Amino acid sequence: MTFFRMATATCFLLILTVAQCAKHQHWESVSPGDSLMLLQTGTAARPARGLSARPRPSIVFVLADDLGYGSIGYNNPEKSTPVMDALSASGVRLDALYAHSICSPTRASLLTGRHSYKVLDRNYLEDQAWGIDVGYTMLPAALKAVGYRTHMVGKWHQGFYKADHLPTRRGFETFFGFLSGSADHFNQKIDEPICPWGRPVSLLDGESPAKAFNGTVYSDVAFTDRAVELIGSHNFSSGPLFLFVALSNPHAPFEAPPWAQATTRQMAYDAMVRAVDDSVGRISTALTRANAMDNTLFIFSSDNGASMGSSGSNSPFRGAKYSNWEGGIRVPAFIAGGVLPEGARGRTLKGMISMADWYATLAGIAGAKVDYGGPAPSDSINQWPYITGVYPWSLRSEIVHEHRLSSNNSRVGALRVGNWKLLVGTQYAARLYGDSLVDADPRKPAEFSACGNSPCLFDVEADPTESTDLALAHPQVLQELLHRFEEIGKDYHVPLLTENWEYQGACDAWEKAGGFVVPGSDVSQDCMLG
C-alpha cells in the first residue's frame, strides 16, 4: 500500500474518532459526517460547547513581519523575548505553522482561507493596478457578520489600487496603518517608487492620510498605542472584539526604536525584535486590565522567515525569506488566553498547520461562516480540536507551500504531504545560515541554490534541516508527490501579476493627497484626500 493510500485510510479512521473523543472533552460532539466535512472543507459544524456556554470570545491576532523561527527566545536561548516566552508557555506553541515565504501571500492566505497560489503568489509593488479579488469574503467580514467589532492596525499589503481593496472595505470597521509592503519606521515614507516630487508617505487613519501622526512617533509604537486604545474603549460586555495587529517590525529598513542604542545592524534587528515583544506585552496587559483576557483568544505569528542580510535567525532550519526551505516558511507562533481549556495549555504542537487554517478555526470558534465564494474554494481547516487536545493529530495532511509558473513556463514550488516534502525547480538561499543572516547578501540569492536539475525530496520530521535529499532513495514516494504536484496544476491559480504599471497615475494621485499613498484609480473621492 503506498503512503498516500495509507495516509488516506489513517485519516479516515482518525476522523471517525472525533465524535468519540469529543464526548470526553469540552469541544461539542460532532458526527462522523460533520467531522469529514470539517476536514475536507474547513466548515465548523457548530460552535464549541465550552465556548457556547459563555459570550463569544474576543480574538486578538498579532502578526510580526519577517520574524524568523530562531529569532524568538523560546526557540533560541541567544534571543531575548521574555514576554512572548512567558505568554506562549501559558498557552500552546505551534511548532509547525507554515506561512508563505513572503509577506503578501501569507496575509492573503490568512484573510481568505486559501492557499497562496489561488489568491496571490508573489508580492505586489505599490504602483501596480492590483488587489485581492473582491469576490472573497475576508475573515473580518465573516466575523463582523456575527456581531464582532473589527479593527486593524499596521501593515495591509493586500492591494489598494481601488478604494474597494482598502481594509475598511474588506470587513474592518477601522484601520490605522500603512498600505504598502514596507515603510520607514520613523517618517513612514516608502523606498519606491520615488515620484518626481519625492518619496510618498504610507500611513492612513481610516481612509484618510494620517497627517497628524506622520513623522511624530516610531511606527510600531503608534500602532500599539492604537491597539491599546481600541481594547480600552471596547465594551466587552456588549459583544466580542476582533483586533488584527500587523506590526512592521522587524522588517526592513532596519531601524531600532528610539530608546535603543544600536550601532550595528545586529543590534538594530535585536532591538526591533524586543520592540515586538514590548508590543505583545502592552497589548496583553491591556486585555488583562480590561478584564477581557479570560474570554480572549490571543494569537501570535510571523508572516515568513527572516530575510537575508537582516541579522535575524531561522535557526536551526535551512533557508530564508523568499525560499521554500523550512527557514523561509516555518514560523514562530503560539496561542494564549483564557479561551484555551486548562488541559490544553503548556504544550507544543508538532502537527502541520497552514496559515490558511486560521480562517476556519476562528470562524468555528466565533460561530461564523467559512467563505466559499470567489474564484477558488476554501482550503481552510478548523484546527480547534487539535489545538485544544480533543484530537491527537493535526487535521491537515497536506500543505501546498508554493505552486506557480517559472519564467520558462514550467511549474516550480514546494509541497508537503505527511512527513515528506517535495521541492520542484531551483530553490534559492539553500544553506544553513545559523544564528544570524547579517552576512547573507540579498543581492546574490542564486549563490546557494539546489533542486534546479531535478526535484528534491526530504523527510522533514526526521530531517528538519533538510540536509539529506532522499529523491534517489525513495523513487516511489518521489513519483507520487510529483503526480500530486501535477494534479495541483489543474486547480484555479491566481492570474500572473502582469507589468500593469501605473507609475505616473499613482504619483499624481499621491501628490493630490498631499504626498500620501492612497488608491490611485478613484482618488478624487473626498475621503481619500483627508
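This is a predicted model: local features need pLDDT of at least 70, side-chain atom pairs count only at pLDDT 80 or more; totals for chains, interfaces and linings use all residues.
Let's start with the strands. Ten of them make an open sheet with mixed pairing, and their order is β7-β6-β5-β4-β8-β1-β9-β11-β2-β12. At the edges sit β7 (208-209) and β12 (347-349), each of which pairs on one side only.

The β7 end can be followed residue by residue. Strand β6 (residues 204-205) joins β7 through two bridges in the antiparallel sense. Leu 204 has Pro 209 of β7 as its bridge partner.

## Two helices

Helix α12 spans residues 357-366 and is mostly covered, with ten of its ten residues buried. Among them are Asp 357, Trp 358, Tyr 359 and Thr 361, along with Leu 362 and Ile 365.

If you are browsing the model, Lys 321 is worth a stop. You will find Lys 321 in the loop between β9 and α11 (326-329). Is this lysine buried or exposed? Lys 321 counts as buried because its relative accessibility is 5%, and the cut-off for buried is under 20%.

The side chain of Lys 321 makes a polar contact of 3.0 Å with the side chain of Asp 66. Leaving aside residues up to four places away in sequence, Lys 321 also touches residues including Ser 101, Ile 102, Cys 103, His 251, Asn 304 and Asn 314. Gly 328 is another one of its contacts.

How values were computed
Residues are numbered from 1 along each chain as its sequence is written. Side-chain values use heavy atoms; hydrogens and water are left out. Buried means under 20% relative accessible area, exposed over 50%, partly exposed in between (1.4 Å probe, protein chains only). Helices (H or I, at least four residues) and strands (E, at least two) are DSSP runs, numbered from the N terminus. Two strands pair if DSSP finds at least two bridges between them. A polar contact is a pair of N or O atoms within 3.5 Å; within protein, one must be able to donate a hydrogen and the other to accept it, and residues adjacent in sequence count only if both atoms are side-chain atoms. Contact means heavy atoms within 4.5 Å.
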